[in-house]
Amino acid sequence: MLVLITYDVNTQTPLGRKRLRQVAKQCINYGQRVQNSVFECVLDAAKCREIQYKLEQIIDKDKDSLRFYYLGNNYKSKVVHIGTKDSIDVEGTLII
């Protein structure tokens, strides 16, 4: 299923900037960045719980926020892209 992960991390302190880098680093391991704080991830239920747990351990719940949007398996008709940064078909053939 396609899961959209978005986050807003308070970066007013050095610890906040560190949390921001850690959240982004974890998200890169699970999907592709489509905007600064937005990742598209194709995940099964177990991987989704895994990334959610990891991100919850990083953020400060009093200062930061996470959002998970579950678009399901038939997501291709639900996503419209306009502008730069073409997305990669993560389920397509990879040629290296």
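This is a predicted model: local features need pLDDT of at least 70, side-chain atom pairs count only at pLDDT 80 or more; totals for chains, interfaces and linings use all residues.
Trainee: Thanks! What feature does UniProt place at D8?

Mentor: An unreviewed UniProt entry gives "binding site" at D8. Positions follow the numbering used here, feature names are shortened, and annotations may be inferred rather than shown by experiment.

Trainee: Where does D8 sit, and what does D8 touch?

Mentor: D8 is in strand β1, residues 2–8. Strands (E, at least two residues) and helices (H or I, at least four) are DSSP runs numbered from the N terminus. Not counting residues up to four places away in sequence, D8 touches D64 and S65; contact means heavy atoms within 4.5 Å.

Trainee: And T6, buried or exposed?

Mentor: T6 also lies in β1, and T6 is buried at 16% relative accessible area. Beyond four places in sequence, the contacts of T6 include S37, V38 and S65.

Trainee: New topic: which residues touch the most other members of the largest nonpolar core?

Mentor: Those are I5, Y7, V23 and L55, out of 18 residues. At least two residues each come from β1, α1 (14–28), β3 (38–42), α2 and β4 (65–72), and α2 gives the most, four. A nonpolar core here is a set of buried Ala, Val, Leu, Ile, Met, Phe, Trp, Tyr and Cys residues joined through side-chain atoms within 4.5 Å. In soluble globular proteins, nonpolar side chains tend to be buried together.

Trainee: What does L55 contact?

Mentor: Leaving aside neighbours within four places in sequence, L55 meets I5, V23, Q26, C27, L66 and F68. L55 is in helix α2, residues 45–58, and counts as buried because its relative accessibility is 0%. V23 is 32 residues away along the chain, yet the two C-alpha atoms are 6.2 Å apart.

Trainee: Last one: how do β2 and β3 pair?

Mentor: Strand β2 (32–35) and β3 run antiparallel over three bridges; two strands pair if DSSP finds at least two bridges between them. A two-residue hairpin joins β2 to β3, and Q35 stands opposite V38 in β3.

How values were computed: Residues are numbered from 1 along each chain as its sequence is written. Side-chain values use heavy atoms; hydrogens and water are left out. Buried means under 20% relative accessible area, exposed over 50%, partly exposed in between (1.4 Å probe, protein chains only).
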